[in-house]
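Have a go at each task before reading its solution.

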Amino acid sequence: MFSQLRLAAFDMDGTLLNEDARMTEATREACRLLQASGCKLVLSTGRTYASARLPIDDFPFDGYVCSNGAAVYEADGRLVQRTFLPADMVREVVHTLRQELLYYELHDTASNRWMVQEDRERIESLIGEDTSVEGLALRRFSFYEWSRVAPLEEMMRLVSTGEAEIVKLFVWHPVPERLEPVRRQLEQWSESAAITTSGPYNIEVIPKHVSKWEGLLYFCRKWGFAPEQVMAFGDADNDREALTHAGYSVAMENADPAIKAIARFIAPHHNEDGVARFIRERVLGRG
């Protein structure tokens, strides 16, 4: 059944990684076996390249499709393809997002995850004493160790001059319903950007016509593979195009029902070594 397989692409959060955002040893071993069979392995993620590298402990993937396809990297980390959001649009979107109490980041082609200093301070002030479930969730999530902070004026200068090429805007809130009005506001930029998500608690704004599948096509062209020779694993809306076009589409048991409906195969839950089990049992037939 999998005799044509030449390239396997893996979403990370909710797919390749467990609930602790780690690539387990079982998953590493299954990926090693698949790679040893002659199959190329590519990470296909909404994360920046630097964030994608953190949980995999130097596993030797053959390529990286990052920021939902807006930035593509070779195995050695060399950026080979990029598409970034228009600077004027980024400035306007930031102004819109600043009207709400929510968490947002700007991701650039250098793998920086930027936060506006004034907004970070405002969030800290408002939630610092908030003991509600919502406040605790926002406080736990908000302050990434690897984020970079810049004053609003400096951030807008970096965007305007092109020093920071923004490939994605990431918006998060612990109450999904609070994101709906934000999504509706963001739709005014639909001619320049696409809106997707990697889960119920976030919105991801990426350049128009960008997707994980478009990023994977770079590697298909490079290695001479056809879509029917590609296997894609995923669990969320930002995996939709890859699961639609790949010859072997695999949704996780924990995936959104709409995503499971378009997949050819269903793998076990991501927190039960689902990717590893599917590779070993279904692809390699090792039980």
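## Exercise 1: a helix pair

The crossing of helix 4 and helix 7 is right-handed (the near helix is turned clockwise from the far one by less than a right angle). This is a predicted model, where local features need pLDDT of at least 70, side-chain atom pairs count only at pLDDT 80 or more, and totals for chains, interfaces and linings use all residues. Residues are numbered from 1 along each chain as its sequence is written, and side-chain values use heavy atoms, leaving out hydrogens and water.

**Task.** Find the angle at which helix 4 and helix 7 pack, and which residues meet.

**Solution.** 
1. Helix 4 (residues 87-97) and helix 7 (residues 152-161) pack at about 155°, with axes 9 Å apart; helices are DSSP runs of H or I with at least four residues, and strands are E runs of at least two. Axes are lines fitted to C-alpha atoms, for helices over the stretch in contact, and angles run from 0 to 180 degrees between N-to-C directions.
2. Helix 4 is therefore roughly antiparallel to helix 7 (angles over 145 degrees).
3. Ala-87, Val-90, Arg-91 and Val-94 in helix 4 meet Leu-152, Met-156, Val-159 and Ser-160 in helix 7; contact means heavy atoms within 4.5 Å.

Notes: Parallel < 35°, antiparallel > 145°, perpendicular 65-115°, else oblique.
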